[in-house]
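Me: I am new to reading protein models, and I would like to go through one slowly with you. Could you show me how to read it, feature by feature?

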Amino acid sequence: AVDMAAAAAAPAAAAAPAAPAKPYVTRDKTPTGSLFAIKETGLQLLSSMVAALKVPSGSVDASHPLVGAYAAVAKMLGDLEPGQLFEDWSPPMCEPEVLVTVPPKNATSDTKRSDAAGPGAALSSSTASKWQSQPGARDEKSWWMAKFTADTDLSSLTLAVEATHVAKTVEVQARLGTAGAWTTLMTLPGAALVKPRRLELPAGTRAGSIRLNFEGFDKANKDKQHSLAVFEAHTADAAPFTDAARVLADVESWLAAG
């Protein structure tokens, strides 16, 4: 038998110490991977929701106004191979970014067609404003450069050229400060930049200046000149960011452990 009096007189057991608070997990700054898993989960969830509209007998309640449309969607999803819609339906999500401000006076070029089409025009928010080189560039080459106010960590660039003044190739270079050696980040066809295009930069890219080297002319470039209609530089935002694929992996591990 338990001695109730003794138990009452005994000092209360010390409360277990509170578990230390988990430290805040900082954002992983490496480029994020594909969100394939989370999008596939969404598709499977939608398919399950559509299938749940069936009545207990297994037949579809035709009186429901949305059943016909939902049934068509369910059939479409059932006929698709896993991942078939992914490339067109949901491109990879980018990390949060902020625009790096470049004053127009910090843009330079080897030539310009006119004052209105000077190098700073490519930094305007309007695609109607653009830099244009002088027609008939020497050796079919020209360059355009943007200088940042300080060395900056860069995550991506957005570039676009004028559709009628396209180069054969555009080389993207970066350097630290204002007098360091240039490093080539990538070279791409000028035709790939007719529409604004985001270019993800290698992890760890840091630059004080970015230079674009234009070479050659597209067949449709009758004026034999180069152009730049959009230049935007971005740096990773300091806001918290969670990789959905990593969350799914954590959930999977938790379920397996249970």
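Me: Where is Glu 140 found?

Reply: This is a predicted model, and in it Glu 140 is found in the loop between strand 3 and strand 4, the latter being residues 141-153. Its relative accessible area is 39%, so Glu 140 is partly exposed.

Me: What is the value of phi for Glu 140?

Reply: Let us begin with the general idea, which is that most residues other than glycine have a negative phi. In this structure the phi of Glu 140 is near 60 degrees, a positive value in a residue other than glycine. Lys 224 is another case to look at, with a positive phi of about 55 degrees although it is not a glycine. Lys 224 is found in the loop between strand 9 (206-215) and strand 10 (227-228), and it counts as partly exposed because its relative accessibility is 37%.

Me: Which residues gather with Lys 224 in a patch of positive charge?

Reply: When you look for a patch, you look for like charges that come together on the surface. Here Lys 168, Lys 219, Lys 222 and Lys 224 gather in such a patch of positive charge. Lys 168 lies in the loop between strand 5 (156-160) and strand 6 (169-175), and with a relative accessible area of 55%, over the 50% cut-off, it is therefore exposed.

Me: Which residues form a nonpolar patch on the surface?

Reply: The nonpolar patch is formed by Val 247, Val 251, Trp 254 and Leu 255, which together have about 420 Å² of accessible area. Val 247 has its place in helix 5, which runs over residues 244-257, and it counts as partly exposed because its relative accessibility is 36%.

Me: How many salt bridges does the count come to?

Reply: In a salt bridge, a side-chain nitrogen of Lys or Arg is within 4 Å of a carboxyl oxygen of Asp or Glu, and by this rule the count comes to five. One of them joins the side chains of Arg 198 and Glu 97, at 3.1 Å from N to O. This pair links distant parts of the chain, for Arg 198 is in strand 8 (residues 197-200) and Glu 97 is in strand 1 (residues 97-100), 101 residues apart. Arg 198 counts as partly exposed because its relative accessibility is 32%, and Glu 97, at 25%, is likewise partly exposed.

Me: With which other residue does the side chain of Arg 198 meet in a salt bridge?

Reply: The side chain of Arg 198 also meets that of Glu 200 in a salt bridge, at 3.5 Å from N to O. Glu 200, with a relative accessible area of 45%, is partly exposed.

Me: Are Glu 162 and Lys 130 buried or exposed?

Reply: Both Glu 162 and Lys 130 are buried, and their side chains meet in a salt bridge of 3.6 Å, N to O. This pair, too, links distant parts of the chain, with Glu 162 in the loop between strand 5 and strand 6, and Lys 130 in the loop between strand 2 (107-109) and strand 3 (131-132), 32 residues apart.

Me: Which residues is Val 100 in contact with, leaving aside its neighbours within four places in sequence?

Reply: To read contacts, you set aside the neighbours along the chain and ask what else touches the residue. For Val 100, leaving aside its neighbours within four places in sequence, the contacts are Phe 148, Thr 152, Leu 154, Ala 233, His 234 and Thr 235. Val 100 has its place in strand 1, and it counts as buried because its relative accessibility is 14%, under the 20% cut-off. Val 100 and Ala 236 are 136 residues apart in sequence, while their C-alpha atoms are 10.0 Å apart in space.

Me: How many helices and strands does the whole protein have?

Reply: The protein has five helices and 11 strands. Of its 258 residues, 30% count as buried, and its accessible surface comes to about 16,200 Å², of which 59% belongs to carbon and sulfur atoms. Among the contacts with a separation of 6 or more, residues 24 or more positions apart account for 74%.

How values were computed
Residues numbered from 1 in each chain as written. Predicted model: local features only at pLDDT ≥ 70, side-chain atom pairs only at ≥ 80, totals over all residues. Heavy atoms only, no water. Patch = residues over 30% accessible without salt bridge, like charges linked within 9 Å, V, L, I, M, F, W, Y side chains within 5 Å. Areas by Shrake-Rupley, 256 points an atom, 1.4 Å probe, with all protein chains shown as cover. Lys, Arg positive; Asp, Glu negative; His and termini not counted. Charge placed at Lys NZ, Arg CZ, Asp CG, Glu CD. Helix = DSSP H or I, 4+ residues; strand = E, 2+ residues; numbered from the N terminus. Buried < 20%, exposed > 50% of the residue type's maximum accessible area, 1.4 Å probe, protein only. Contact = heavy atoms within 4.5 Å.
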